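The tour below moves from one selection to the next and says what to look for at each stop.

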Amino acid sequence: MLARTDTEARPGDGADAGASGDGDPLRGRRFLIVSAPFGPFSRHLAAELRRRGASVTRVLFNAGDLMDWGGDHAIRFQQGPEAWPEAFRALANDGFTDILTFGEGGPYNRAVLDQAASARANVWVLENGYFRPHWITVERNGVNARSNLPRSADGYPAPPPEEPPFQPAGRILPAHVVNLSLYHLIQLPGRPLFPRYGKPYTQPAWKQCAGHIWRFIRLRFTPRSHADAARIAARGPFFLVCLQREGDAQLLAYSAFKSNAEFMARVFDSFAAHADPADRLVVKNHPLDPGLIDLKRQTLRLAAERGLAGRVDFIDGGLLAQLCRASRGMVVNNSTAALSALGFGTPVKVLGDAFFDFEGLTDQKPLDAFWAAPTPADHDLFVRFRAHVMARTQVNGNYHDRSMRDLTIRNLTDFLARRIAETHDA
């Protein structure tokens, strides 16, 4: 059942004229927000889109969506996730011109992406930035492994576009933890309003909420020396291994591994058999890991089982730039941490599916051969690659810091306006 409160007028009836001129490409557009970053970002984005002459409706799947958005201009989806693909198909053909989603995880986002190519509307996927922390990502029909960006050096010709100026993103993590925690906590008392909501996570939301809060507090009191690159390097040459967020779509859908444990087992097996005995591994936790699995204990156990006790460290936190510069190379499933490493001249080996995994950028040798002779990216290619990716997909800002909200929303709406205008001109 779709319970609608989206009373906004359709294009051409004189509503939502806003403050923009008739030439604004956003004027008269009808936006449907299927999912959005935790917190009030979508509500403020909608206000700016309306100011520029668009109408905006959001689908509400749970009490967290209702808290973040409010009850007006909304469609309450109260069926189970198995009914969503058909419901979305009807909505996508109901006069909406643009559909927004955040991320790729869960049955609701997956249904949108599976139908993106056949939808009459533009499907815009928002995600955290490929080049963090000062950027967010916006692409049509998919991000990361689903990205439409070229997968060869030929797709990034010279001369590269000029990189735009940017404003530093501010402090993202504290506000993100607050927004995420409130979103999940409200779902417990709000469950009767959406009794058939299909959770996108492998772990209950309240456990993840508690885990994020506890991990954030623990990291605040962990000495920075724990993950200091100079101290780590003093113990001997090392390779950096970056984990995914457990249960993330990039791990489950776009790799041969269904867990960080499977990924680490593959890396450790290869390292034990083929790396120089003087080399070590440093396993770095994902910055948004909910802390529900004791990954440190898991890492050290897997290492000991393979005869690597004393040669594998686990760190939570640390400055990625310094760690990259100090390391001999990085191994990832498909984490965009690799993009930072490539910029610092650090060789990268990708084991999953990633749009940046191609000849000249990442090491194309088998993993077993990577340890002996890791190959860095061609610097000129990386400069071109970064500039093209920035121009096509990156928007300066972040979703959570209140001091950056207005700038982020202006930049995002300007980006959408340019892309919509380009589509019309093509």
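How many residues does helix α14 have, and what distance does it reach from its first C-alpha to its last? Select residues 379-393: helix α14 has 15 residues and reaches 21 Å between those two atoms, close to the 21 Å expected at 1.5 Å a residue, where the expected span is 1.5 Å times one less than the number of residues. Helices (H or I, at least four residues) and strands (E, at least two) are DSSP runs, numbered from the N terminus.

Before going further, note that this is a predicted model, in which local features need pLDDT of at least 70 and side-chain atom pairs count only at pLDDT 80 or more, while totals for chains, interfaces and linings use all residues. Residues are numbered from 1 along each chain as its sequence is written, and side-chain values use heavy atoms, with hydrogens and water left out.

Colour by pLDDT, the predictor's confidence in each residue from 0 to 100. The protein averages 90, and 93% of the residues score at least 70. Over residues 9-20 the pLDDT stays under 50. Where pLDDT is low, the predicted coordinates should not be read in detail.

Return to α14 and show its side chains. At the start of the helix, a side-chain oxygen of D378 comes to within 3.1 Å of the backbone nitrogen of D380.

Next, select the open sheet of 8 strands, whose order is β1-β4-β3-β2-β5-β6-β7-β13, with mixed pairing; two strands pair if DSSP finds at least two bridges between them. Its edge strands are β1 (2-4) and β13 (394-396), each of which pairs on one side only. Within this sheet, β3 (residues 55-60) and β4 (residues 74-77) run parallel and are joined by 3 bridges, with L60 having R76 in β4 as its bridge partner. Helix α14 packs on this sheet, touching β7 (135-140) and β13 (contact means heavy atoms within 4.5 Å), and its direction makes about 75° with that of β7; axes are lines fitted to C-alpha atoms, for helices over the stretch in contact, and angles run from 0 to 180 degrees between N-to-C directions.

Stay with β7, where 5 of the 6 residues are buried, so the strand is largely enclosed by the rest of the structure. A hairpin joins β6 to β7 through 6 residues, and 5 bridges link β6 (residues 122-128) to β7 in an antiparallel arrangement, with N128 standing opposite I136. Strand β7 also runs antiparallel to β13, through 3 bridges, and there T137 stands opposite Q394.

Now move to the open sheet of 5 strands, ordered β10-β9-β8-β11-β12 with parallel pairing. Strands β10 (312-315) and β12 (348-350) stand at the edges with a single partner strand each, so one side of each is left without a neighbour in the sheet. The twist averages 20° from one strand to the next. Select β8 (residues 238-242) and β9 (residues 280-284), which are joined by 5 bridges, and find V241 opposite V283.

Finish with helix α9 (residues 260-274), which packs on the sheet and touches β8, β9, β10 and β11 (329-332), its direction making about 170° with that of β9. Its buried residues include F263, M264, V267, F268 and F271.

Methods
Polar contact = N/O pair within 3.5 Å; in protein donor to acceptor, adjacent residues only side chain to side chain. Buried < 20%, exposed > 50% of the residue type's maximum accessible area, 1.4 Å probe, protein only.
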